[in-house]
Amino acid sequence: SAETFARFWRQETLRDWMDSHAAQRPDKIAIVGPGGPLAYAELHARALGLAATLRNLGLRPGDTAAGQL
């Protein structure tokens with residue numbers, strides 16, 4: 001909803017939002033892609049793994065990175 005969207009951009013980071021959704025509804029479908037659906041818990045785990053990889057490569061907060069889906 002527009003209210004949820006506005007609250008998100010004012011008060012939460014994407015990380016906060018993902019942490020919350022993964023905790024509250026881990027088995028709900030978060031996204032559907034070419035490989036099939038991913039639940040919030042799996043999407044969250046993959047996002048944390050990607051973040052760790054980028055940090056290990058030397059990226060720091062504020063850096064810009066590109067990706068390909």
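Helices here are DSSP runs of H or I with at least four residues, strands are runs of E with at least two, and both are numbered from the N terminus.

Before going on, I noted that this is a predicted model, in which local features need pLDDT of at least 70, side-chain atom pairs count only at pLDDT 80 or more, and totals for chains, interfaces and linings use all residues. Residues are numbered from 1 along each chain as its sequence is written, and side-chain values use heavy atoms, with hydrogens and water left out.

**The whole chain.** I read the pattern α-α-β-β-α along the sequence, which comes to three helices and two strands. Of the 69 residues, 14% count as buried (under 20% relative accessible area; exposed is over 50%, partly exposed in between, with a 1.4 Å probe and protein chains only).

**Helix H3.** I looked up its span next. H3 has 17 residues and reaches 24 Å from first C-alpha to last, close to the 24 Å expected at 1.5 Å a residue; the expected span is 1.5 Å times one less than the number of residues.

**Helix H2.** Which residues of H2 are buried? I found Trp17, Met18, His21 and Ala22. They sit on the same side of H2, because they cover an arc of only 125 degrees around the axis (taken from the directions from the helix axis to the C-beta atoms).

**His21.** I picked this one out of H2 (residues 14–24). Why does His21 count as buried? Because its relative accessibility is 14%. Leaving out residues up to four places away in sequence, His21 touches Pro26 and Tyr40 (contact means heavy atoms within 4.5 Å).

**The largest pocket.** I then turned to the largest pocket, lined by 15 residues, with Ala47, Leu50, Ala51, Leu54 and Arg55 nearest its centre. A pocket is an open set of points on a 1 Å grid over the protein atoms alone, where a 1.4 Å probe fits, with protein on both sides within 12 Å along at least five of seven lines; lining residues have an atom within 4 Å of a point.
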